[in-house]
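User: I would like to learn how to read the features of a model like this one. Could you take me through it step by step?

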Amino acid sequence: MAEAERAVVVGIDLGTTNSLVAYMEGDRPVVIPGVDGSNLVPSVVALDPVPAAGGRPTVTVGNSARKALIETPERVIYSVKRLMGRDVEEVRTELKLFPFRLADDIEAGEVPRIQLGEMRFTPPEISAYILRQLKRNAERFFGAQVTQAVITVPAYFNDAQRQATKDAGRMAGLEVLRLVNEPTAAALAYGLDRAKEGTIAVYDLGGGTFDISILKLRDGIFEVQSTNGDTHLGGDDIDNLLLAIALDEIHAEHGVELRTHPGAVQALRKAAIDAKIRLSTEPAARFDIELPNGDRYQREIPRTVFESLIEPVLARTAGPCKQAMADAGLAPEQIDEVVLVGGSTRIPAVRTLADELFHLSARGKKPHTELNPDEVVALGAAVQAGILAGESKTTDDMLLLDVTPLSLGIEQLGGTVARIIQRNSTIPASATEHFTTGVDGQANVAIHVLQGERELAADCRSLARFDLKGIPPMAAGLPRIEVRFLIDADGILHVSAREQRSGKAAEIEVKPTYGLTDEQVENMILDSFDHAEEDFSKRLLIEARNEADAILAAVGRAPQNSAWNDLSAEEQTRIAAARDRLTMVKQTPNVAAISQAIVALDKATRHFAELMMDAAVSSAIRGKTMNEAGEEVNEAVTAPHDFAPAEFK
Amino acid sequence: MLKVIENAVPVACWSCSVAHNESTLFCPDCSKIQPPTGGDFFSIFGLEHRLNIDLSALEQEFHRLSRRLHPDRFTRASENEKEWSLADTALLNDAYRTLRDPLRRTEYLLKLEGGELGATAAGDKDRENIARVPADLLEEVFDFNMQLEEMRMSKKMGQEDLELKESLRLAMDKFKGMVDAVDRDLRAHWTVWDAGDAVARHPAQRAMVALLDQRRYLSNLVRDVTEILGD
């Protein structure tokens, strides 16, 4: 327990395009880099080829997985966030522009599984692989286990999407202490070093989602007034526009249909993304792609053309912004500061639009872009992690009061929706409703819970169907069942019920419309843990074999060194024996045995290493300049391998 | 700080065993959170049942209590404490949302105090929208609804009847004015109610129920016309 209390709580931005992990280093949030030194881990997961020896293929995440996109596109998945908490039909529609597809035998009502090579994964499992990579990066950085995290989600994520994210955390071996809304996290990061009061709007256009949140800052309390957004709008849509144009033009001008070549589509997508990024700083960008038939597709896109192309995409952010202001009861002039978050806000046209929406330049103001828009959400997640850990003075006075983005309702007779918790209610929020029976002796009552703003149940998102069971037999209308709906601080719904006349706690059977059951999640944890063990031991084995190869190569070169002749025959035999032993053990998958053999060979060659060093030093003394001698020493005095460093006394 | 209910039974703190008042959120002795006792929206703020409320004091108290009760403060606490913090914070948020809004506050209090009378006004009817048409508005509302329908039709046909639009705009302004008048009336009754005289309270309560009904009806009209004129 004491150990757990000291452990670091990390903040994770699980993004559509990139993911990051950060923590509070004293009083400031810091992003933790990966082994490659990069702060961003691309949210790409690849399945390596099936090993020749059989067994399960390993899973890679990040930059290495991204490289596989072009070579083995059928074994790679990206932008999985767009699939989180969605049903089979939605995923089917979504996947039209992606190279991966649903597993064949999926039925409506099931949690969709994506076919990846010969395996299939649910979206939360894919996200779990990304989270596990971030967890490992953090563990490598701290040299200690990391088990608790705050994970960010788009503010406009519904219950199913939030639950799916939490499930992913659990599968990755992380206790998710809190889900934080991304724009709110950004506000925390910005609010940290400026003890400001006032009203701020956070405009967050990321890879796949758009959020707008309006917050009031006062005495360290960040109180969200309203939020709105579109979980289906982001940089991906811009990429897809450019991609579609290129695919059409290539088809029309060169007669090549690239859509049937997933690898080529991915190469083109990469070119489209590069062009988009260049267009943020340059007046034009060029496509120059070699086609399979040897032709070249060359195309220049001026920024003006690009801007009119993406105008309809950007315009879709205006509605949510206006609605959020209306819900908060605020006019644009009453917004003191606007913060831009998400990589897509680097696009000048997005900045212009934000400026217009909030009348900024008219008021002599500029949107805030000081913090890196790719990192600010992760930094904010770290701040929230600090608040939860309660160990930092900086975050001691800070408190985040967030809201639920969507209204919660119950289906009534006739298919209309009765709202029981309004959108933009501060969470945790609750509502208590009373239900009764319509038939004498009725023992069950079914309740259909929905999320959304529309009048008809059919137009809202179905959250779950609750079956109240075991109602004591009574005349119709007599039972009085009290049902309590509670949205927790993560924005996730909990339901409890009680029959008031009998005082009996009614039994509730929850059938989530989308999402995994507890048991399924549990199984996926074990699964991914098994894989994790497997992956981890594979990694260890590969590392041990590489190490063995390095020392064997050095020992192989040893007889060419004059110092070799200074060894006794006995010593030479001992080295040869240790060498042969390692050569043999290296073939087995026994990591411990390989390591032992490496140590043994290292010991056997220690005297030789000393002799070699002496020889080098004495040759330096024989009339050479110190500089030359130094170079020669450096070259010749390398120990047989990295782990037996030469020592100068 | 916390409201003391006179006939409350003292209970022992689960943590330090010191007896305290039943309705206490935190043990006065060891400051640990206590099991929720299910008070009403006024009691969690330590307020009397009154309709005139100091909103800035309410906000301050909301922030002060949030800082202590919010689940963020209980990440490392026991499962029980976590659960209580969640329940208390939900109640606090529900209470703040209701009390800071003059209409919701009035409806809530009438329901709390008025039994059946208030329940028909503020309870289930709210979502069924069966508010009665105020008698003196009957004819006007009839005409207005005709115009709304006409407007919808012409919009569907892609036409724009400017005269009709103007007439609807006038109607909207009129209804908005009536909403404001209802609000003024309501506030006058608040003061009567808050004075606490039992004889004066009853008619004030009845009047408020009627006014709330009227207001609900009027705001629905305003909402409908805003919707059609809006886009």
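This is a predicted model: local features need pLDDT of at least 70, side-chain atom pairs count only at pLDDT 80 or more; totals for chains, interfaces and linings use all residues.

User: How many helices and strands does chain A have?

Analyst: Helices (H or I, at least four residues) and strands (E, at least two) are DSSP runs, numbered from the N terminus. Chain A has 18 helices and 27 strands. Of its 649 residues, 44% are buried, where buried means that 20 or more other C-beta atoms, placed from the backbone, lie within 10 Å of the residue's own. Contacts are another thing to read: two residues are in contact if their C-beta atoms, placed from the backbone, lie within 7 Å. Among the contacts in chain A with a separation of 6 or more, 68% join residues 24 or more positions apart.

User: Which domains is chain A given?

Analyst: Domain bounds come from an automatic or database domain assignment. For chain A that assignment gives domain 1 (2–195 + 372–401), domain 2 (235–313), domain 3 (408–515) and domain 4 (521–636). The centres of domains 1 and 2 of chain A, taken over C-alpha atoms, are 29 Å apart. Here 10 residues of domain 1 of chain A touch 8 residues of domain 2 of chain A. Chain B is divided into domain 1 (11–100) and domain 2 (131–230), with 38 Å between their centres, again over C-alpha atoms.

User: How should I read a pair of packed helices?

Analyst: Two packed helices are described by the angle between their axes and the distance between the axes. Axes are lines fitted to C-alpha atoms, for helices over the stretch in contact, and angles run from 0 to 180 degrees between N-to-C directions. In chain A, the axes of helix H4 (residues 123–142) and helix H5 (residues 159–171) come within 8 Å and cross at roughly 50°. H4(A) and H5(A) are therefore oblique to each other, the class left once under 35 degrees is roughly parallel, over 145 roughly antiparallel and 65 to 115 roughly perpendicular.

User: What are the angle and axis distance for H7(A) and H9(A)?

Analyst: Helix H7 (residues 235–254) and helix H9 (residues 303–315) of chain A pack at about 145°, with their axes 10 Å apart. Asp237(A), Ile238(A) and Leu241(A) of H7(A) meet Leu309(A), Ile310(A) and Val313(A) of H9(A).

User: Is Ile487(A) buried or exposed?

Analyst: Ile487(A) is buried, because 25 other C-beta atoms lie within 10 Å. This residue sits in strand S25 (residues 481–487) of chain A. Leaving aside neighbours within four places in sequence, its contacts include Thr404(A), Leu408(A) and Ile421(A). By contrast, the C-alpha atoms of Ile487(A) and Lys322(A), 165 residues apart along the chain, are separated by 26 Å.

User: Which elements of chain B give two or more residues to the side that touches chain A?

Analyst: The contact takes 15 residues from chain B and 19 residues from chain A. On the side of chain B, helix H2 (55–69) and helix H3 (79–99) are the elements that give two or more residues. H3(B) provides the largest share, 6 residues.

How values were computed: Residues are numbered from 1 along each chain as its sequence is written. Chains are lettered from A and ligands numbered from 1 in the order in which they are written. A residue is buried if 20 or more other C-beta atoms lie within 10 Å of its own, exposed if 12 or fewer, and partly exposed in between; C-beta atoms are placed from the backbone.
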